[in-house]
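This report goes through a structure of two chains part by part. Please keep the sequence and the 3D view open while reading.

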Amino acid sequence: MYDIKGYYDAETVSEATALLAENPNLKIIAGGTDVLIKMHGGQLEDAELLSLRKIKSLEKIDLADDGTIVIGAMATFSMVFHNTILKDLIPILTEAAISMGGPQIRNIATIGGNVCNGATSADSASSLFALNAQLKLESKNGERVVPIREFYLGPGKVAINPGEILTEVRIAPEDYKGFAGHYIKFAMREAMDIATLGVAVVCKVQGGSFEEVRIGLGVAGPTPLRCLEAEEYAKGKKISSDTLAEIGKLAVKSTKARTSWRASKEYREHLVEELTQRALKTAVVSAGGAEVV
Amino acid sequence: MAYTVVGKSVRRVDAVAKVTGKAKYTDDFSERNMLVGKILHSPYAHALVKSIDVSKAKALPGVEAVLTYKDLPDIRYATAIPGIIEAIATDDVTVAELKYGTAGHPYSLEENHRDKEDRNILTRKARFVGDNIAAVVAVDDLTASKALKLIEVEYEELEVLTSTDAALKEGAPLIHDDCEGNILSSHGYEIGNLEEALQESDHVIEGEYETSIVQHCHLENQVSHAYVDSDRRIVIMTSTQIPHIVRRIVAQSLGISWGRVRVIKPYIGGGFGNKQDVCIEPLNAAMSLAVGGRPVRLELSREEAMIDTRTRHAFKFKIRTGINNDGKINGIHISAVSNTGAYASHGHSIASSGGGKFRYLYPTKALKYDPITVYTNLPVAGAMRGYGTPQIFFAFESHIEDIAKKLNLDPIEIRKKNVVKEGHVDPLSKNTIRSCSIRECIDKGRELIKWDAKKALYKNQTGDIRRGLGMACFSYASGTYPVALELAGARIVMNQDGSVQLQLGATEIGQGSDTVFAQMVSEVLGIPMYMVHVISTQDTDITPFDTGSYASRQTYVSGMAVEKAALEVKKKVLAFASSMTDIPAHLLDLKEQSVVFKDSGEKVLGLEVVAMQSYYDRVNAEPITSDVSNNARINAIPFGVTFTEVEVDMKTGKIKILEIYNVHDSGKIVNPLLAEGQVHGGVSMAIGYALSEQLLFDEKTGKPLNNNLLDYKLPTIMDTPDIGAAFVEKEDPTGPFGVKSLGEPPIVSPAPAIRNAVLDATEVAFNRIPMNPQRVFEKFKEKGLI
């Protein structure tokens, strides 16, 4: 039995933002796979919930005329995984989607909820970081777009203002066109698990060299993060096992791993170094480069 | 022997009921206006309750009662609960002070053979994080939860002992005042002269091994409801393996006469030994009494069940083995420290039983076993599938592998050289090995995994991904004889059409016992399976007495009672048929729903004709029934082996099982499909034990860190490889239809086999489980491999 004081559901975004403007105490519930767990754990009491589940327009996944990929915030992980646009253009996101939870969870958990929950372990986050995703937030007074790197503020903390709803996750054409990528979820189990480390890489390869590399990591710090120093280093470098080894080392520099009972800092850093290289090796081949041995 | 139904993979008798949702579990039953009970757990691992203020909780609308150790309803006095239950005891001990044991063992008439009585329904001294301090009864779940938060408890914190080392230290505080040194027991055994045997040996090899605390994680958490019926008795419906024992322990915990309690057990969603214990029923009964006998449901959440029921004992072993150059073991010395947590529960029985079942595999001239069982401020360890054997076999089967490596002996040959032979009589239990196919099991496993070819292939690996092979053996027992009473009951009633009802004291807990019992009855009476109606619900008012499902005893021990009951019915049917036909009964048999001539098979009478006559014959009517009890003063020893192939990621420390086979000598297999399922379940539990599962606690405070199914790494089906199950079927002369046990055995040997395969792949010996990636990383780092 959950401690629910009130429950509202909106059928349109404007209805939702209006309700939210009226009552700033409303807690938004999307799929509920995080909110209900918080209630079960007693972290959320006397909840007044605003459900977005009836807003069907937010489930859409589209390719805009300018090539921008637009993912409605209420698209479930199953929808993301099965969507052919995403599978073709940004498979590192669909790979991340299928790595999440189990079938039942994926059928109800939404990508918007995953992002707004603010967890460093969010399965979509490392891929969205590597893809430079932009988040569209709407409120009664208008809308704004925030790069995902500025959205995550700390564990469980995101840059959403009172009255705002995340409506879209957008990926610009220049951020994915010509890139190939790879995603590795390293967890203790093959399903139903939280990542020990999430590694998403995309790269553009030109004549045996990296033209561009972007590395997104989950659970390597209090928020998902990018490995800017490694990315900068990779630019224009000839693709070789030495280059990859150096990228792996530099990637660790961007992390803020800590020791917990789940894994030690030393082990997490070792995984960052190793798995970044492994992910890049696969991505290079997908991008048309030669296999690195 | 040729059987018609025994040995066939007939469909489970409860398959349709379970698949269609018709099977009812405890939570599916409801009483009118049922109230909800909840427990206030201690946040401290070791603390005295200085004061409890329940006034705010009591004042919350919807709260019907708040219970603490001070005000447990004492139903032994007429004044306590007027009109509900009259006085039946007059001693001076209040219910709050009454101590009881919770282990699901048969009662013993000998006082020194009983379990330690160290538990109160609610305590004034918290001994682990999660201990039961107070309880509320309210109109609904949410109100009960809110009331818990309003109970104000003042604690005086005591030194917390989270390890056996800390608990054993000189001057450590006592967890139980009457238990010196926090040692529950240190009873072991010695056979032969150990020192002499070691001196005679070419080598004496030592090793240290360690296992972790794990939890059963049965799908259905502990749940029950209790009320006082119109006969003024306490009725408890509960998810248990041991209804008759629950009846006794609830009565003991309340200080009332045993007949005052009635326990009903419907379908249950798994137990694995955790429901061979009495965890919530005494408190549930007290909750009902506190509200005048109204029905109260008590259901644990997963988070509660993982710390406030039972766990598997963690063990530390030191082993010394004397062995000759040719691989013959002369003597073994095993020292073991077992962590039993805050209360005794099954306590030292776990260490004793592990040491007892181990003895059958490798008989040696000398064997010394020195176990101690230690109280700590951790959750209570109790019975869990394997009951001490997964621990001791992990240690010894790792140890013998290390010995083989050290002496450059073949790991398979060293085992074959030392395993027991038929005819061996165990010097302590006096149980005789009457059937033993361990050698055949080893040969079969070796073949299934293609041991020799792969061994050659995996020599001298150097890459990041390496493969290896490992194996391990085990021995077990069928029931507990001669340690405890092995009594089982069965009752058969024949209907007018020749079909029967079968009533059992043994509980179906998912393992399939109802089905194999029905197969036995079907076999003896010559009737098809659909004519055997198994009454799956146990009700202590109605059900024949049987101590329950545990110790892998059902097919063997309860099977004896079922066979006996069926034979008695058969005898009565044939006698009745004889009286109807004047054909001597000894010339008759039962086959295909008919009375037939034994020699020719020629039909004499339809079974339904005899059954009808037995009900309605004006002169001789006497419906055919049997109601038997069987005291199995015998045991049969099952054996088996695991062979596995693993792949180790040398960089990330991940271990993947590529193939795994369990080959069992469990005598005759009554239902091969069910047997295979039993093996799959046991092996998958063992994979978690070897690679990922461990309940973790903060070392300083004893607080649980991962008592939920996200953070406790129970393997999912995605982590479970295809599991191969094979059997070497040799009928044991003592078992009904030649059976030996199979319930627990599959979990015993996979963990050491996996460990040995990792050793084979990496040259690194892991002497502590689980071998999770963090640990593997640390060890590889230590060895300079990373």
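## Two cis peptide bonds

B:Pro482 is found in the loop between strand 17 (465–475) and strand 18 (487–494) of chain B. The peptide bond that joins B:Tyr481 and B:Pro482 is cis, with omega about 10 degrees. B:Pro770 lies in the loop between helix 18 (750–762) and helix 19 (773–782) of chain B.

## The model and its confidence

This is a predicted model, in which local features need pLDDT of at least 70 and side-chain atom pairs count only at pLDDT 80 or more, while totals for chains, interfaces and linings use all residues. Residues are numbered from 1 along each chain as its sequence is written, and chains are lettered from A and ligands numbered from 1 in the order in which they are written.

The model scores ipTM 0.96 and pTM 0.97. The pLDDT is the predictor's confidence in each residue, from 0 to 100. Chain B averages a pLDDT of 96, and 97% of its residues score at least 70. Residues 78–84 of chain B have a pLDDT below 50, and this stretch has 14 contacts in the model beyond near neighbours in sequence. Two residues are in contact if their C-beta atoms, placed from the backbone, lie within 7 Å.

## Where the chains meet

How many residues of chain A are in contact with chain B? There are 16 from chain A, in contact with 19 residues of chain B. Helix 13 (residues 265–286) of chain A gives the largest share of chain A's side, four residues. That side divides into 10 nonpolar, two polar and four charged residues. Ala, Val, Leu, Ile, Met, Phe, Trp, Tyr, Cys and Pro count as nonpolar, Asp, Glu, Lys and Arg as charged, and the others, Gly among them, as polar.

## Domains of chain A

Chain A is divided into domain 1 (4–51), domain 2 (56–173) and domain 3 (180–286), with bounds from an automatic or database domain assignment. The centres of domain 1 and domain 2 of chain A, taken over C-alpha atoms, are separated by 19 Å. Between these two domains, 13 residues of domain 1 are in contact with 18 residues of domain 2. Helix 1 (residues 13–22) of chain A gives the most to the domain 1 side, with six residues. By class, the domain 1 side has eight nonpolar residues, four polar and one charged.

## Domains of chain B

For chain B the assignment gives domain 1 (15–23 + 487–631), domain 2 (31–158 + 217–308) and domain 3 (389–480 + 635–782). In chain B, 15 residues of domain 1 are in contact with 19 residues of domain 3. Helix 15 of chain B gives the most to the domain 1 side, with six residues. That side has six nonpolar, seven polar and two charged residues.

## A covered strand

Which residues of strand 13 (residues 296–299) of chain B are buried on each side? B:Val296 and B:Leu298 are buried on one side, and B:Arg297 and B:Glu299 on the other. A residue is buried if 20 or more other C-beta atoms lie within 10 Å of its own, exposed if 12 or fewer, and partly exposed in between, with C-beta atoms placed from the backbone.

Strand 13 of chain B pairs with strand 1 (residues 35–41) of chain B in the parallel sense over three bridges. Two strands pair if DSSP finds at least two bridges between them. In strand 13 of chain B, B:Arg297 has B:Val36 opposite. Strand 10 (residues 223–228) of chain B pairs with strand 13 in the antiparallel sense over four bridges, and B:Val223 stands opposite B:Glu299.

Three strands of chain B form an open antiparallel sheet in the order 22-23-24. Strand 22 (588–591) and strand 24 (603–606) of chain B stand at the edges with a single partner strand each, so one side of each has no neighbour in the sheet. Strand 22 and strand 23 (residues 594–597) of chain B are joined by four bridges. B:Glu592 lies in the loop between these two strands, and its phi is positive, about 45 degrees, although it is not a glycine. With 13 other C-beta atoms within 10 Å, B:Glu592 is partly exposed.
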